[in-house]
Amino acid sequence: MATSSTSGHASQGDFDRVLVVDFGAQYAQLIARRVREARVFSEIVPRDVTAAEVAAKDPVGIILSGGPASVYAEDAYDLDPDILDLGIPVLGICYGHQVLAKTLGGTVSNTGGSEFGGTTLEVTPGASRLFVGQPTTQQVWMSHNDAVAEAPDGFVVTASTEEAPVAAMENASRGMYGVQFHPEVAHTDHGQQILEEFLWHACGARPTWTHVGIIEQSVDAIRDAVGERVAICGLSGGVDSSVAAAIVHKAIGDQLVCVFVDHGLMRQGEAAQVEETFRNHFKMNLVHVKAEERFLDALSGVTDPEEKRKIIGETFIRVFEEVAEGIEGARFLVQGTLYPDVIESGTKDAAKIKSHHNVGGLPDDMTFELIEPLRDLFKDEVRAVGEELGLPEEMVWRQPFPGPGLAVRIIGDITKERLDILRAADAIVVDEIRKAGLYREIWQSFGVLPAIRSVGVQGDGRTYAYPLIIRAVTSDDAMTADWARIPHDVLAKISSRVINEVPGINRVAYDISSKPPATIEWE
């Protein structure tokens, strides 16, 4: 069974840690990101985390997230009350605020009025640590039906709104704080300042979660784990695996062997680019395995996206194992796994959205130990680390590309013909996005090829060909995303070029779905 010996930076103990207890909130990941923006390490934990599990992680603070239900619902999420006796500062947000009040003997009720969206908050002057130096009237973002009607004994009410008499409360001597609104949302005027007051002053957290610190600690952890042995890096040429390779190479030098598995599912020209960048520019040990036929045979006739990912994940590992057999001391496998990969592949409170080939797609009988230096990072943090390591800008800011490649952008059976068609069309999409100066503004822009055909007319003749769906989104971390408002003339140019230059496509459509409810990738 695979183990992950050096996957977590914070596990080494050099960074103060704040736990975000996820009560099923749509904003739990955003809270974690805002904590990191204050240069404090954050980790999301499930709502049923026990006091003993919390104590074992030795956090300096705990944040209780919002949630979708009432604290009095039959299936309401509760908090282990012993957590509140650990002496660790706690901040409850929205549902977490109500759970904190209810657990400590306060009263939560349906006040008869709900608040959703921008709301005016009245702050009690001089009563609060969280609101130090802030105006007594400010705009906050609300999303609730129930509200705290009476604060628990020992708490001071520090703010209110028209519908929430206890919009904020605190017991500073116990390090207990609660706010009904969402400080993590940009629409709350002083939200980041409120979080920083909690983190830096109530918790005493050190703002040491910096890119330099992340690199230094990762390098030390990797050196300690690998020793004199050898690590193999699954290199795709994307930003995640490239930054992971650069960190590990900084730690162990020539003890790292990068394996580029050319599975035939890459974008146009990528194999040559990987060769040039890592073998010639970075002078890394690079093994180029040409395995297109092997992957296509394994994927033949497979249309279920989860099965595709699992087949690709297992085939990757088998190739790595075969390469490792010829390398003495090769015990470790480096992967560019990110925090969103882990969350989306399913935790207790983050329902499985899709199995990432490098998380849920790994075989149980894998013999490698994993090195995942980016496992605790969001994408923007990975880019910043890449820049700090001196990677080329065009690599660091390359749009994300899924590990399974074009296999999850072809809806239906994967064939060589469909791959070639999508490769050519996708190259046009990216080329025109670059020409329009939109590449850095857009999180991802690519083509999707459904395995269906529609009727068209070209050259006075009937065609029966594939449609291409253009997908382009804006995002900060891939946890949420909005469809990109690409100018119509750019879309028209893409459509014209694709239909005229790519045989096999006679129709172009644009996906205007956001995440949620859609995902960024189609599979």
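## Overall architecture

How many helices and strands are there in the chain? The chain holds 14 helices and 21 strands, where helices (H or I, at least four residues) and strands (E, at least two) are DSSP runs numbered from the N terminus. Its radius of gyration, taken over C-alpha atoms, is 25 Å, close to the 24 Å that the globule rule gives for 523 residues, so the chain is as compact as a globular protein of that length. That rule is 2.2 Å times the number of residues to the power 0.38.

Before going further, note that this is a predicted model, in which local features need pLDDT of at least 70, side-chain atom pairs count only at pLDDT 80 or more, and totals for chains, interfaces and linings use all residues. Residues are numbered from 1 along each chain as its sequence is written, and side-chain values use heavy atoms, with hydrogens and water left out.

## Burial and contacts

Of the 523 residues, 57% are buried (under 20% relative accessible area, 1.4 Å probe, protein chains only). Among contacts (heavy atoms within 4.5 Å) between residues at least 6 apart in sequence, 75% join residues at least 24 apart.

## A closer look at helix 11

Helix 11 (residues 379–388) has seven of its ten residues buried, so it is largely enclosed by the rest of the structure. The buried set comprises K379, E381, V382, R383, A384, V385 and G386. Their packing partners are helix 1 (28–37), helix 5 (211–226), helix 6 (239–252) and helix 12 (393–396). After helix 11 comes G390, with a positive phi near 85°.

Note on methods: Buried means under 20% relative accessible area, exposed over 50%, partly exposed in between (1.4 Å probe, protein chains only).
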